[in-house]
Amino acid sequence: MAFPLHAVLAKTGRAADLCLGRTIVADHCCAAKGRELERLAQQSEQRRVLQIVLVINAAMFVAEFGAGLVAGSTALMADAVDMLGDAIVYGISIYALTRSARWKGGAALVKGLFILAFGVVILIEVAVKLASGVPPSSALMLVFGGLAFAANLVCLRLLWRFRGQDVNMSSTFECSRNDVISNAGVLVAAGGVALFASPWPDLIIGAVIAALFLRSALGVIRDALPVMRAA
């Protein structure tokens, strides 16, 4: 049985279109799957990095806060409390990694409130220390402040490439950057205490760290609120 030429061509064209359509769909699915796998791999890597920096900060909090108590240093204890706050912050960040934008905005808001609370606590500690007027141990401040500085440089290096990922990772990087600045302040305070045999360098740096916390807290909260509203 003979088929008209135009019918054969039409069927051939439809078959070609169908094959082409399948190829396009397959390519689209592969591309979408590739993007999804890339996103999941990136989240997995973020989770691993956050777990590492969480352990570092928790361990340094115990060591630094104990040294701060022994040394009688407000700056060292303030820096240690910052380490504890960051350990909590990293835990919240891990929880928010695979969540929606609203969750990530909420996590950033909670982190901002934590930073704000720690800033207020440190200001209170500075006010209490003003009454005693006893200079802290500069040697302990130098040793443990230096250890904390090195630990936070490692954390900052690990978090650097994720700093612009989203509001959750951005606020996490903000916390780590503040840590490095606080650690440098503790070392400056230790040098001032050793040079002048006075508690004032320690108290001044403690107050500056508190002010840094408050400024950072307001910035994190300001960035988090629009994300929550938009989501």
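These notes walk through a predicted model of one chain, from its overall make-up to a few single residues.

1. **Overall make-up.** The chain holds 6 helices and 0 strands. Read along the sequence, the pattern is α-α-α-α-α-α. Of its 231 residues, 42% count as buried. Take the contacts between residues at least 6 apart in sequence: 81% of them join residues at least 24 apart.

2. **The core.** The largest nonpolar core has 40 residues. Inside it, the residues with the most contacts are L50, I122, M141, L159 and I209. The elements that give two or more residues to this core are α1 (5-71), α2 (74-96), α3 (101-132), α4 (138-159), α5 (167-196) and α6 (200-230). The largest share comes from α6, with 10 residues. As a general point, nonpolar side chains in soluble globular proteins tend to be buried together.

3. **I209, a place to start looking.** I209 is among the core residues with the most contacts. What does I209 touch, leaving aside its neighbours within four places in sequence? The partners are A75, A78, I122, S182 and V186. I122 is itself on the list of core residues with the most contacts.

4. **α3 against α6.** These two helices pack at an angle of about 160°, and their axes are 7 Å apart. Angles over 145 degrees count as roughly antiparallel, so α3 and α6 are roughly antiparallel to each other. The crossing of α3 past α6 is left-handed. The residues of this contact divide into 26 nonpolar, 6 polar and 2 charged.

5. **α2 against α6.** Here the packing angle is about 25°, with the axes 7 Å apart. Angles under 35 degrees count as roughly parallel, so α2 and α6 are roughly parallel to each other. From α2, the contact uses T74, A75, L76, A78 and D82. From α6 come D202, L203, I205, G206, I209 and F213. By class, the contact of α2 with α6 has 7 nonpolar, 2 polar and 2 charged residues.

6. **α2 against α4.** This pair also packs at about 25°. The axes of α2 and α4 are 11 Å apart. At that angle, α2 and α4 are therefore roughly parallel to each other. α2 passes α4 in a left-handed crossing. On the α2 side, the contact involves A75, L76, D79, M83 and Y90. On the α4 side are L140, M141, F144, G145, A148, N152 and L159. The contact of α2 with α4 divides into 9 nonpolar, 2 polar and 1 charged residues.

7. **A75 in several places.** A75 takes part in the contact of α2 with α4. A75 also belongs to the contact of α2 with α6. I209 touches A75 too. A75 and A190 are 115 residues apart in sequence, but their C-alpha atoms are 8.9 Å apart in space.

8. **A190.** This residue lies in helix α5. Is A190 buried or exposed? Its relative accessibility is 0%, so A190 counts as buried. Beyond its neighbours within four places in sequence, A190 is in contact with S138, M141 and L142. M141 is one of the core residues with the most contacts.

9. **N57, a buried asparagine.** N57 sits in helix α1. Its relative accessible area is 0%, so N57 is buried. Which residues does N57 touch, not counting those up to four places away in sequence? They are M83, D86, A87, Y90, N152, C155 and D179.

10. **V227.** V227 is found in helix α6. Its relative accessibility is 25%, so V227 counts as partly exposed. V227 and A101 are 126 residues apart in sequence. Their C-alpha atoms are 6.9 Å apart in space.

11. **A197, a backbone point to check by eye.** Most residues other than glycine have a negative phi. The phi of A197, however, is near 50°, a positive value in a residue other than glycine. Where does A197 lie? The residue is in the loop between α5 and α6. A197 has a relative accessible area of 60%, so it is exposed.

Key
Residues numbered from 1 in each chain as written. Predicted model: local features only at pLDDT ≥ 70, side-chain atom pairs only at ≥ 80, totals over all residues. Heavy atoms only, no water. Core = buried A, V, L, I, M, F, W, Y, C linked by side-chain atoms within 4.5 Å. Buried < 20%, exposed > 50% of the residue type's maximum accessible area, 1.4 Å probe, protein only. Helix = DSSP H or I, 4+ residues; strand = E, 2+ residues; numbered from the N terminus. Contact = heavy atoms within 4.5 Å. Axes fitted to C-alpha atoms, helices over the stretch in contact; angles between N-to-C directions. Parallel < 35°, antiparallel > 145°, perpendicular 65-115°, else oblique. Left-handed = near helix turned anticlockwise from the far one by under 90°. Nonpolar A, V, L, I, M, F, W, Y, C, P; charged D, E, K, R; others polar.
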